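Subject: Structure handover

Dear colleague,

Here is the structure for your files. My notes on it follow below.

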Amino acid sequence: IYNYSKPYVDVSLLAGKFLCSNQEIMITSYLEKIAFFLGKWAYNEEELHLRKKILLLQEAFCADLLSYVKSCKYIAVVYGKIGAYHQEVKYEWKAINLLRHCRKKDYHELSGVYNNIGLTYGELGDYELALNFLKKALMIRLIYFPAEKANLATSYNNCGYILGKIGNHKDALDYKQKGLAIRSNELANA
């Protein structure tokens, strides 16, 4: 069953943040119509047409969203450099939530944010959560960016570091060796 309320929620979160006043009025009109249909749970051609328009509008927002995501990432880095890790996590979560609103996923940005939030949770001492995010970043990089060897090596190294922190030295060594092998191959091919 499709969650019809999701497009309404996504666009309502974005309305007013990335739009000029004319576009905001147009979006508000669409939102009111969708809210009306959601209340009835009716399914007809007009509702389908409105949902398609919402999806197109969301796609247009992605460019603006990615700029905002990058700003959140930069702010998070600054907080990390001054040791304000809770503030850093807050901005990294903002970046993740904004990336979730895009229809076209920017997996490069997402893997970077997952990597950063994993390292931040590591600094906070929450190693299980850190490892979870670092492995997500690694999986995205393995699937979508296998040619980016430096990022893969960094992901393996980061996972190994956290595994060492939780006392899983055997797995930590495996991850560290995979990262080292990638770096060694890159140097040999340079």
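Cys-159 is buried, with a relative accessible area of 0%; buried here means under 20% relative accessible area, exposed over 50% and partly exposed in between, with a 1.4 Å probe and protein chains only. Cys-72 also counts as buried, at 2% relative accessibility. The disulfide count is 0, a disulfide being a pair of cysteine sulfur atoms within 2.5 Å.

Some ground rules. This is a predicted model, in which local features need pLDDT of at least 70 and side-chain atom pairs count only at pLDDT 80 or more, while totals for chains, interfaces and linings use all residues. Residues are numbered from 1 along each chain as its sequence is written, and side-chain values use heavy atoms, with hydrogens and water left out.

The chain as a whole

The protein chain has 8 helices and 0 strands; these are DSSP runs numbered from the N terminus, with helices being H or I of at least four residues and strands E of at least two. Of its 190 residues, 37% count as buried. Among contacts with a separation of 6 or more, 56% are between residues 24 or more positions apart; contact means heavy atoms within 4.5 Å. The chain exposes about 11100 Å², and carbon and sulfur atoms supply 57% of that (Shrake-Rupley method with a 1.4 Å probe; for residues, only the protein chains shown count as cover).

Helix 7

Cys-159 is one of the buried residues of helix 7, and others include Leu-152, Ser-155, Tyr-156 and Leu-163. The cover over these buried residues includes helix 5, helix 6 and helix 8. The 17 residues of helix 7 should span 24 Å at 1.5 Å a residue, and the end C-alpha atoms are 24 Å apart, which agrees; the expected span is 1.5 Å times one less than the number of residues.

Ser-155 counts as buried at 1% relative accessibility. Leaving aside neighbours within four places in sequence, Ser-155 is in contact with Asn-115, Ala-137, Leu-138 and Arg-141. Its C-alpha atom is separated by 8.8 Å from that of Tyr-175, 20 residues along the chain. Just after helix 7, Gly-167 takes a positive phi of about 90 degrees.

Helix 6

Helix 6 covers residues 127–144 and reaches 25 Å from its first C-alpha to its last, close to the 26 Å expected. Ala-137, Leu-138 and Arg-141 are among its buried residues, and the buried residues pack against helix 4, helix 5, helix 7 and helix 8.

Tyr-144 is in helix 6 and counts as partly exposed at 42% relative accessibility. Together with Met-139, Leu-142 and Ile-143, Tyr-144 makes a nonpolar surface patch of about 380 Å². Patches are made of residues with over 30% relative accessible area and no salt bridge: like charges are joined within 9 Å, and nonpolar side chains (Val, Leu, Ile, Met, Phe, Trp, Tyr) within 5 Å.

Salt bridges

There are 2 salt bridges, each being a side-chain nitrogen of Lys or Arg within 4 Å of a carboxyl oxygen of Asp or Glu. One joins Lys-70 and Glu-109 (3.9 Å, N to O). Lys-70 lies in helix 3 and Glu-109 in helix 5, so the pair ties together parts that are 39 residues apart in sequence. The other joins Lys-73 and Glu-109 (2.8 Å, N to O). Shared partners join Lys-70, Lys-73 and Glu-109 into one network. Lys-70 is partly exposed at 36%, whereas Glu-109 is buried at 9% and Lys-73 is buried at 18%.

Regards
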